[in-house]
Amino acid sequence: MLMAHPVVLRDLVERYKALAVLRADQGSAASRQEYEDVAYSLCVATGTSDIDAALVAASHHLPGARPADDSVLSGDAPR
């Protein structure tokens, strides 16, 4: 599955959270539409079908989500 670039994911997550704090889903028609558009874009970018899953998936793909030592994955672990 293709995953959006981390910069795109970070932007979408930040926009979604900002709109949620502003309660855009209860605002004007334009603000509700923006809220829905960002949520939909985040779902598409993460390959999920609901916003909660999209936020979790995005958090796993953003920088800093992985352990610093990935030597086991690269095969460089001491024997």
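This note goes through the fold, the core and a few local features of a predicted model.

1. Overall fold. The chain contains four helices and zero strands, and reading along the sequence gives the pattern α-α-α-α. Of the 79 residues in the chain, 25% are buried. The accessible surface comes to about 5700 Å², and carbon and sulfur atoms account for 57% of that area.

2. The nonpolar core. The largest nonpolar core is made of 16 residues, and those with the most contacts inside it are L9, Y16, L42 and I51. Helices α1, α2 and α3 are the elements that each give two or more residues to this core, and the greatest contribution, six residues, comes from α2.

3. Surroundings of L9. Once neighbours within four places in sequence are set aside, L9 is in contact with M3, A4, L42, A45, T46, A58, H61 and L62.

4. The aromatic pair. How many aromatic pairs does a search of the whole structure find? The search finds one, formed by Y16 and Y35, whose rings are stacked at 5.2 Å centre to centre with 25° between the planes. Because Y16 lies in helix α1 (residues 6-21) and Y35 lies in helix α2 (residues 29-46), the pair ties together parts that are 19 residues apart in sequence. Are these two tyrosines buried or exposed? Y16 has a relative accessible area of 10% and is buried, and Y35, at 16% relative accessibility, counts as buried too.

5. E34 has its place in helix α2 and, at 36% relative accessibility, counts as partly exposed. Not counting residues up to four places away in sequence, E34 touches R15 and L19. The C-alpha atom of E34 is separated by 9.2 Å from that of Y16, a residue 18 places away along the chain.

6. The buried side of α3. Which residues of α3 are buried? They are I51, A54, A57 and A58, and because they cover an arc of only 120° around the axis, they are on the same side of α3. These buried residues pack against α1 and α2.

7. The start of α3. The N-terminal end of α3 is capped by D50, which places a side-chain oxygen 3.1 Å from the backbone nitrogen of D52. Helix α3 itself spans residues 51-61.

8. A backbone point to check by eye. R23 is not a glycine, yet it has a positive phi of about 55°. This residue is found in the loop between α1 and α2, where R23 is partly exposed with a relative accessible area of 46%.

Conventions:
Residues are numbered from 1 along each chain as its sequence is written. This is a predicted model: local features need pLDDT of at least 70, side-chain atom pairs count only at pLDDT 80 or more; totals for chains, interfaces and linings use all residues. Side-chain values use heavy atoms; hydrogens and water are left out. Buried means under 20% relative accessible area, exposed over 50%, partly exposed in between (1.4 Å probe, protein chains only). Accessible areas come from the Shrake-Rupley method with a 1.4 Å probe; for residues, only the protein chains shown count as cover. Rings of Phe, Tyr and Trp (its six-membered ring) pair if their centres lie within 6.5 Å; planes under 30 degrees apart count as stacked, over 60 as edge-to-face and the rest as tilted. A nonpolar core is a set of buried Ala, Val, Leu, Ile, Met, Phe, Trp, Tyr and Cys residues joined through side-chain atoms within 4.5 Å. Contact means heavy atoms within 4.5 Å. The arc is that of the directions from the helix axis to the C-beta atoms. A polar contact is a pair of N or O atoms within 3.5 Å; within protein, one must be able to donate a hydrogen and the other to accept it, and residues adjacent in sequence count only if both atoms are side-chain atoms.
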